[in-house]
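Please consult the sequence and the structure shown here.

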Amino acid sequence: MNKREAQNILLKMLEPLIPFYSEKCARLRIGDTRTHYELSSQEMEAFARPLWGLVPLVAGLREEEKQEVKRLIHLISHNKSDESSLGFDCSELDKTTNSYSCHDVPGSGLTQIAQLIFIYQKGITSGTEPESPEYWGICHDFDQKFCEMPAIGFAMLYAPEFFFDPLPENVKLNLTEWLNECNRHNLCACNWQFFQIITNLALKVSGLTYSQENMESGLRMIEDYYAGGGWYNDGNGGDKDYYNPFVMLSFGLIYRDFMKDEDPERCQRFYDRAMKFGKDYRYFFDDNGACFPYGRSMTYRFAQSAFWATCLQTNVEPIPKEEMLSLISKNLHWWLNRPVFDNAGILSIGYGYPNLQMSESYNAPGSPYWGLQAFFYLSLKDEDELWNVTKTPGDLSDSKDIADSLFLPHVPLLLQRGYKDGVCNHVVALVPGKTNHEGHSHNVEKYSKFAYSSRFGFSIARSNMNLQENAPDSTLAFVIDGFVYTKNMTEPDYVIDKEHIEMRWSPVRGINVTTVLIPTETGHTREHIVDVDKTLYDGVLIKACDCGFAIPDKSCFKEESLPHHFIDDKTMKNVESQETSAPSVVIPSYDDLFCTVHSLEGNGREDLLVPEPNTSLIYPKTTIPMCVYDITAGTSHLKTEFIYL
């Protein structure tokens, strides 16, 4: 994917937002669902997050393009002679003319860019003006707006000529005062500390009032979260998940980009950690661009590529640049071939399709635009050597057909990479699970299943009232008197190495399980020793369902709605014979999406569960293969084989 193609994709994501900005442009209203934080913060969040994409888009324009954009902004701002230069009503922006061609950013696309920049100049003005009806307001402890401040800080750091320098002095003072709200209140002791750090960094670089004390305090806390091997915990005792590439590593590189001379020792640590992390993270992606969903905030979708985009932006090379560009391009292609936008072109809450079931209490209508961090690399100038890359790197494991099993001790997890015809088409993470119950919505499903897949994702339970509503893929589920109990918390003394994972856990009082996961060339086996208390469960019929991945139903691939990559071999050959600068996207056909289960010990019977629709993250309707065991009081030995590679 070349620079112009990526610019056009980003513009196609930003342009549909234009009609939904408020009158004074400080808020963006694109949905009616709610979060645990205030509606005003939801709308401010939706306003701020598109900046993660708009800023690098603007920063990477040619000088003559920037001058044309400035000319267009001047025309827009003086469209009404009876209003001030920042008094234009956003509702009067022309939505029907000057639409850009998807192949012509330098032409009418610059009009769209100018409109968006003008919206943000006006929105920052009214949002930070205490007398404005759209004032973002005084903050409070743990305010969601602290998460959105660094997007404005990012604009001040990387494109000040559009988002800071043109602002009148009184607006700059108001902006300074409002951003310093993050220095007057408590922030969550997790990745949020980096939000305060980047906000203060922007104030500092801009020569404005900031808190060196809070900046240092946040940096010390980030240091406390470091766990080795390039990986951070998300807070003391927090999870290791995608907040590492979303924030912990990426924001460290942004800090380094501006502070390597003033704070060289710390910046060197951020650099070294990114170099180590990237060597692990590269294996999370299959050769089609898919990454296995795991943990919370999956609605940020292509933020999976944010780390690579930040590395390119800040000239950090944990793996070759051409490989990072290829990973970003393939990941974006994978996402853009899924129904993640609504009929107005707005990103939805969900993962592979719109799905509120899997969301967290902090997922607002504008939250998914965090994913625009995947476009950070667009800030690179046209002359950068990256845009002259003419070849796509080969497969990471020298084109084999036997699954790899990689042990990443600092996460920790066992990573399986499956191949077909020399192409890695499936990545599976075998994990020990969480050792505590702290966390956000659906914490058990997002962290404590046995396996997470780039092809099948994972499922979210609707309830524990029956198997259909529980959708217990990739776990061992116990059915007692019709109620479902699944693996939740893992005891801290689990063992993981390159050969196996052994863990102890209890789904309910009186039942204790020891589980051993052993990766194989075709999948993995699970061995369970189940101890059932005779006093509590004597005479009670217990079913144990050892479940595989949730396989998509054929109805997910109706001919009239097939993505273009679900095509027959003849069509694929025709496509492959054509000249194209975009990377090839090899998505398996339905028949290749398989997962079979077999009982090896314990006399389990094979069965298929049809769970409630919209429980899977990737497919709206699925079937879960499973082995069902009858358990009685005492000790039972179960062993199940899962084949999916």
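## Basis of the model

The model is predicted: local features need pLDDT of at least 70, side-chain atom pairs count only at pLDDT 80 or more, and totals for chains, interfaces and linings use all residues. Residues are numbered from 1 along each chain as its sequence is written, and side-chain values use heavy atoms, with hydrogens and water left out.

Helices (H or I, at least four residues) and strands (E, at least two) are DSSP runs, numbered from the N terminus.

## Helix α6

Helix α6 comprises 14 residues, 145–158. From first C-alpha to last, α6 reaches 21 Å, close to the 20 Å expected at 1.5 Å a residue; the expected span is 1.5 Å times one less than the number of residues. In α6, 14 of 14 residues are buried (under 20% relative accessible area, with a 1.4 Å probe and protein chains only).

I501 stands opposite L517 in β11.

Strand β13 (residues 542–547) is largely enclosed by the rest of the structure, because 5 of its 6 residues are buried.

Strand β7 (residues 476–480) runs antiparallel to β13 and is joined to it by 5 bridges; V479 has K543 in β13 as its bridge partner. Strand β17 (residues 622–631) is also antiparallel to β13, with 6 bridges joining them, and D546 stands opposite C627 in β17.

Key
Buried means under 20% relative accessible area, exposed over 50%, partly exposed in between (1.4 Å probe, protein chains only). Two strands pair if DSSP finds at least two bridges between them.
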